[in-house]
Amino acid sequence: MTFQNNKVLLATIDEFDSFKEKNPEIKYIDAILSDLSGVIRGKRLPINDAQKLFKSGIQFCYSTFLLDVTGYCPDAAGRGFTDGDPDATYFPVAGTLQKMPWHKDSLGQVLITIQDDSRYSSIIDPRNVLARVLDRIEDLNLQFKVAFELEFYLFKKRKNISEKPEPAISNETNKQSEGTQVYGMRELDEFYDFLEDVNEFCKIQNIPASTASSEFAPGQFEINLNHTNDILKAADDSALLRRVIKETAIKHDYEASFISKPFIEQTGSGMHVHISLFDEKNQNIFSGDKEEGSEQLHYAIGGLQKTLYDNFLIFASNVNSYRRFEPDQFVPVNNSWGPNNRSVAFRIPRSDEKSKRIEHRVAGAEANSYLVLSAILSGIHYGLINKLSPTKLRIDNACTDPDPEMPKSIEKAIGLFEDSKFCIDYYSKEYVTMYADLKRKEIESFRSEISDIEYKWYLNL
């Protein structure tokens, strides 16, 4: 099944020619994708060869979207070694051809997406999973607006991948970040050059970044994206923002990471998503007389609550993700909801009627933005069409009631995901099988290594 419809807009040769004319210094074009773990992968094309990408696409193996977090192909659902690792045809996404301002040379980049039926379904691409969900929810005749907020840590540059992370050292003060100074302005100034470059590079790449703030741990920051009704672009921007942040960090001799919980004693990093819903008259249907919003907002919450644990593997996609869900860390430990309350999973921020929205606070910062939006929008759709009532709202500390049903391990989440009729219905049986098998094999590989703590505990036995 291809998705060459009004939602998946592909770049044309005219777009490429215009870019080339405006930027005659460009030497190469990076044709890139963001894989399931947010790692940027692709091919670098000399500018004189890149026009072929915009005319007929580029051949690239399907299994690129089924690599584990280490970059290894574990043959998920027989995709990889078993099937001979066939190629798919990838095409450039309209509007994503931009310069790479952090690079020492003149390069451009463009997102690519599978639009190919030569052997397998294009559903293997998470961007197409989101496109499928968007097709499914068209029956609502409503318009979603979404905005991402991404938290991340800035580390001192490590000498090798085995070295443990440490908070970054400010180039201004030559001091290491320390203490918890949430919203601290001094912390923003200490890393001003880095944050200013992120802001400038986002402008050049047409990524609508806005507010930056320091967070609850040394070297932890949050950058927000402006809301948009272009759902696929919202997910693109979230994926590309991660590349901007990581590459800019390298430029400033730091290391940026979106890992959920790099330090046991510090707060984790989340991917918060704000969602509102508008009718044909551009009226926000989540608005109501009370702070907790309208009946439609309640149905949406009911759907998100009902489907949360089925989708948990999307929101918490690796072993480390599950360390984040601890009480009194401004991270949910159940599927609660409530107005102006950061202890719940689904928060209704204080706002005017036009801005009434749900803040989804579950996903870890390293989660795949396309799949996260797929899970959120399909959950809202499920709640609206079935008129699901939510639980009683919470204005107290919801972290006092951890839910024993909430997945505490990735193994539990894998089982819930692959057995979910809801996930199979919205994402397809094929995708659910592939994704679950990939994560199971990733965990098998993770468990195959002996950890430092095993030696510490058991070597003297």
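A crossing of two helices is right-handed if the near helix is turned clockwise from the far one by less than a right angle. The legends below apply this to a predicted model.

**Figure 1. Helices H7 and H9 cross in a right-handed sense.** The axes of H7 (residues 295-307) and H9 (residues 369-386) come within 7 Å and cross at roughly 120°. From H7, the residues at the contact are Gln296, Tyr299, Ala300, Gly303, Leu304, Lys306 and Thr307. They meet Ile376, Gly379, Ile380, Tyr382, Gly383 and Leu384 of H9.

**Figure 2. Helix H9 also packs against helix H6.** Here the axes of H6 (residues 231-251) and H9 lie 8 Å apart, at an angle of about 140°. H6 and H9 are therefore oblique to each other, and their crossing is right-handed. On the H9 side the contact is made by Ser369, Tyr370, Leu373 and Leu377. H6 contributes Ile231, Leu232, Ala234, Ala235, Asp236, Ser238 and Ala239.

**Figure 3. Helix H3 runs alongside helix H6.** The two axes come within 10 Å and cross at roughly 155°. An angle over 145 degrees counts as roughly antiparallel, so H3 is roughly antiparallel to H6. H3 passes H6 in a right-handed crossing. Arg127, Leu130, Ala131 and Leu134 of H3 make the contact with Ile231, Leu232, Ala235 and Asp236 of H6. An α-helix has 3.6 residues a turn, so residues three or four places apart point the same way.

**Figure 4. Helix H3 is mostly covered.** Of the 11 residues in H3 (126-136), eight are buried. They are Pro126, Arg127, Asn128, Val129, Leu130, Ala131, Val133 and Leu134. The elements that cover them include strand E6 (107-114), H6, H9, helix H11 (421-427) and helix H12 (429-447). At the start of H3, a side-chain oxygen of Asp125 reaches to within 2.9 Å of the backbone nitrogen of Arg127.

Figure 5. Thr64 sits in the loop that joins strand E3 (58-61) to strand E4 (87-92). Leaving aside residues up to four places away in sequence, Thr64 touches Leu33, Asp35, Arg41 and Tyr90.

**Figure 6. Ser321 is buried in the loop between helix H8 and strand E12.** The loop in question lies between H8 (312-315) and E12 (337-339). The relative accessible area of Ser321 is 1%. A polar atom of the Ser321 side chain lies 3.5 Å from the backbone nitrogen of Ser317. Not counting residues up to four places away in sequence, Ser321 touches Ser260, Ala316 and Glu366.

**Figure 7. Asp85 and Asn282 have a positive phi.** Most residues other than glycine have a negative phi. Asp85, which is not a glycine, has a phi of about 50°. Asp85 lies in the loop between E3 and E4 and is partly exposed, with a relative accessible area of 32%. Phi of Asn282 is near 60°. Asn282 is placed in the loop between strand E11 (271-278) and H7, and it is partly exposed at a relative accessible area of 35%.

**Figure 8. Leu459 is exposed after helix H13.** Leu459 belongs to the segment that follows H13 (452-458). Its relative accessible area is 61%. Leu459 and Pro262 are 197 residues apart along the chain, and their C-alpha atoms are separated by 26 Å.

**Figure 9. Confidence is under 50 over residues 1-6.** The mean pLDDT of the protein is 93, and 96% of its residues reach 70 or more. Over residues 1-6 pLDDT stays under 50, and the model has 19 contacts for them beyond four places in sequence. Where pLDDT is low, the predicted coordinates should not be read in detail.

Note on methods. Residues are numbered from 1 along each chain as its sequence is written. This is a predicted model: local features need pLDDT of at least 70, side-chain atom pairs count only at pLDDT 80 or more; totals for chains, interfaces and linings use all residues. Side-chain values use heavy atoms; hydrogens and water are left out. Helices (H or I, at least four residues) and strands (E, at least two) are DSSP runs, numbered from the N terminus. Contact means heavy atoms within 4.5 Å. pLDDT is the predictor's confidence in each residue, from 0 to 100. Axes are lines fitted to C-alpha atoms, for helices over the stretch in contact, and angles run from 0 to 180 degrees between N-to-C directions. Angles under 35 degrees count as roughly parallel, over 145 as roughly antiparallel, 65 to 115 as roughly perpendicular and the rest as oblique. Buried means under 20% relative accessible area, exposed over 50%, partly exposed in between (1.4 Å probe, protein chains only). A polar contact is a pair of N or O atoms within 3.5 Å; within protein, one must be able to donate a hydrogen and the other to accept it, and residues adjacent in sequence count only if both atoms are side-chain atoms.
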